[in-house]
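Me: I would like to learn how to read strands, hairpins and chain contacts in a model. Could you take me through them step by step?

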Amino acid sequence: MRNLIFILFFVAFSMQGQTKMTAKEASDLKLKVKTLAKDVQSISSDFTQYKHLDFLDNDIKSTGKLAFKAPDLVKWEYVTPFKYAIIFKENKIYINDEGNKSDIDIGRNKLFKQLNSLIISSVKGDMFDDEKFTIDYFKSDNGSLVHFSPKDEKLAKYIKTFHIVFNETADVVEVKMIESSDDYTKIVFNNKVLNQPIDEAVFNN
Amino acid sequence: MKRFLIISICFLFVACVSYPKKHNFEEIETQSILQNPYFSDANKDYVYKATITVYDKVFGGIFIVKKIETDHHRVVFTTEMGNKILDFSFNKNDFQINYILEALNKKLLINLLKKDFEVLITEHLNVRTSFSNHTETVNQTLIDKDDYFYFGDLIINKIVRANHGKEKVVFTFSEINDNIAQQIQIQHLNIKFKMLLKSIN
């Protein structure tokens, strides 16, 4: 009996870190995120990426910089432990792999297009599309946590769920992309600056 | 006709000369067991930045190897952004595809990668014949019915897959430190396929 109480206490305690939002709290958050995302003209941020593979002892850590300019310019630039930049621009993906430059035309590639718009919406946090995702809202210790699970089977094969953490100003501070195998990629943003002018040349390869 | 036969026999004889003999190596007393140390530490995560060149196309990614237990390895390839491209398990003689991107799910490619990765992770090798040219030793082994030649005395710096005395695939290990090759290159000579791996952890 004492064990049962202990377990119940433990479960209750561990659940405290993440509790479901009420419908009112969820719709308030959604409105706040959407309002902020609508006004975002640019984002520049540092990021730390953790690739978690269940069989590894440690996550693979890399760091870099993100630049976004409305409506659809995105640059992910890895700085350590390797130099690699990927730019999404006008139906093309430009890659700079330690000085080796290449580009891919994504004009007709539906999946890449989906991926590009997902990256943009996940960085802004605005993925509140009930037709495309099953959405669950939680309160967490460091803000709000929303789970977005793609309804599209093809997309779900790549990413089972997106977990996005918002701070108190409804800005995205963390994106976790969970694969069907439960391995995941977690991106934590820091030094994030919104709506400061970004030179167009940043998006040139 | 007679001359043709003689030429044919001569040609056959030359073609049959083994790969080390072709490169002026002489047979020496054979050491029985060879150890490949490069992916043999189960306490280590092996993470490499990979650049793959197929014909004129270049692909990048992250190449990850983990020894789970004796004769059991996991080999995973992801994009730089973390998306999994392929995930293979090598467990003794059992090979399993845990995941592969649909676009890459081609038998020919899978076989090529499986063969190459198997060479990287095979730790204990029975030596069939040893050769020397007085400066370097070469040990001949067999992996999956193919002949492989391991170059190097104490440290393996090159592995060659050869067929009828001809090099087919060359594995080069460089910047070796503490049983870790900081750089590994896998070069196929019968098709335009090259994989360059640089350690990043």
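Predicted model: local features only at pLDDT ≥ 70, side-chain atom pairs only at ≥ 80, totals over all residues.

Me: What is the mean pLDDT of chain A?

Reply: pLDDT is the predictor's confidence in each residue, from 0 to 100. Chain A has a mean of 87, with 90% of its residues at 70 or more, but residues 10-16 of chain A stay under 50.

Me: How many bridges join β10(A) to β11(A)?

Reply: Strands are DSSP runs (E, at least two residues), numbered from the N terminus, and two of them pair if DSSP finds at least two bridges between them. Six bridges join β10 (residues 161-166) to the antiparallel β11 (residues 172-178) in chain A, where A:Val165 stands opposite A:Glu174. Five residues separate these strands in a hairpin, and A:Ala170 in its turn has a positive phi of about 70°.

Me: Which residue stands opposite A:Ile178 in β12(A)?

Reply: That residue is A:Tyr184; β12 (residues 184-194) of chain A runs antiparallel to β11(A), with five bridges between them.

Me: How many residues does each chain bring to the contact?

Reply: Residues are in contact if their C-beta atoms, placed from the backbone, lie within 7 Å. Chain A brings 21 residues and chain B 20 residues, and β2 (42-52), β4 (73-80) and β7 (100-105) of chain A each supply at least two on the chain A side.

How values were computed. Residues numbered from 1 in each chain as written. Chains lettered and ligands numbered in written order. Helix = DSSP H or I, 4+ residues; strand = E, 2+ residues; numbered from the N terminus. Contact = placed C-beta atoms within 7 Å.
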